[in-house]
Amino acid sequence: HVGVGISGLEGQQAVNSSDFAIAQFRFLENLLLVHGRWDFMRLSKVVLFSFYKNAVLAGVLIVYSQFTFYSGTPLFDMWVLSSFNFVCGIPILLFGMFDRDLDKEYVKSHPHLYAAGPNNEHMCMRTTLRWVALIFIHVNIIFYLCRAGITDGGSITSAPNGLMVYTPKDQ
């Protein structure tokens, strides 16, 4: 819930206690229908995108740990993990600041588009499941396409060829 104050004859009391202040009532249409809709769209995409990038990183590590027999062998260097959120957060930040899905005039001429926000169409279960499906697809693509570069004779770890292999002696 956002408070909007309209400055007028009654003074500045409403403006001083509001979240947004506008000079005239006619600016309320742009504020709600256009900028409010754009903000909700951007915010919902940023939230889902942030969960996506962290889930892909965790998913790759989970798939990798299966092939290392859950030994705790690191896949990424600590510097990569430390800089991951900073580097991958820049596109999310830019996306969240500048994304506009529809033109301003189109949104103003079709006010029913605003109803998608209060109806929670951009953060519904269907949209969230789409992002989860993308996570599984991208984790498998990233890991299995890059697996050839990190394998050693078919296995990622040398454990099957080393101390963990039981070879009975000839009797």
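1. Basis. This is a predicted model, in which local features need pLDDT of at least 70 and side-chain atom pairs count only at pLDDT 80 or more, while totals for chains, interfaces and linings use all residues. Residues are numbered from 1 along each chain as its sequence is written, and side-chain values use heavy atoms, with hydrogens and water left out.

2. Overall layout. The protein chain has 5 helices and 2 strands, and from the N terminus on the elements run β-α-β-α-α-α-α. Helices (H or I, at least four residues) and strands (E, at least two) are DSSP runs, numbered from the N terminus. Of the 171 residues, 22% count as buried. Among contacts (heavy atoms within 4.5 Å) between residues at least 6 apart in sequence, 66% join residues at least 24 apart.

3. Surface. The accessible surface of the protein chain comes to about 12300 Å², with 64% of that belonging to carbon and sulfur atoms. Accessible areas come from the Shrake-Rupley method with a 1.4 Å probe; for residues, only the protein chains shown count as cover.

4. Nonpolar core. The largest nonpolar core has 8 residues: Tyr52, Val56, Val60, Val63, Tyr64, Ile135, Val139 and Phe143. Such a core is a set of buried Ala, Val, Leu, Ile, Met, Phe, Trp, Tyr and Cys residues joined through side-chain atoms within 4.5 Å. Helix H2 (28–67) and helix H5 (125–150) are the elements that give two or more residues to this core. H2 gives the most, with 5 residues.

5. Salt bridges. A search of the whole structure finds 2 salt bridges, where a salt bridge is a side-chain nitrogen of Lys or Arg within 4 Å of a carboxyl oxygen of Asp or Glu. In one, the side chains of Arg37 and Asp101 meet at 3.0 Å, N to O. This pair links distant parts of the chain, with Arg37 in helix H2 and Asp101 in the loop between H3 and helix H4 (104–109), 64 residues apart. Arg37 is buried at a relative accessible area of 8%, whereas Asp101 is partly exposed at 31%.

6. The Lys45 pair. The side chains of Lys45 and Asp99 meet in a salt bridge at 3.2 Å, N to O. Lys45 lies in helix H2 and Asp99 in the loop between H3 and H4, so the pair ties together parts that are 54 residues apart in sequence. Asp99 counts as buried, at 17% relative accessibility.

7. Thr127. This residue is placed in helix H5 and is buried, with a relative accessible area of 14%. A polar atom of the Thr127 side chain lies 3.4 Å from the backbone oxygen of Glu121. Apart from neighbours within four places in sequence, Thr127 is in contact with Leu48, Glu121 and His122.

8. Nonpolar patch. Phe86, Val87, Ile90, Leu93, Leu94, Met97 and Phe98 form a nonpolar patch on the surface, with about 750 Å² of accessible area together. Patches are made of residues with over 30% relative accessible area and no salt bridge; like charges are joined within 9 Å, and nonpolar side chains (Val, Leu, Ile, Met, Phe, Trp, Tyr) within 5 Å. Ile90 lies in helix H3 (residues 78–98) and is partly exposed, with a relative accessible area of 40%.

How values were computed
Buried means under 20% relative accessible area, exposed over 50%, partly exposed in between (1.4 Å probe, protein chains only). A polar contact is a pair of N or O atoms within 3.5 Å; within protein, one must be able to donate a hydrogen and the other to accept it, and residues adjacent in sequence count only if both atoms are side-chain atoms.
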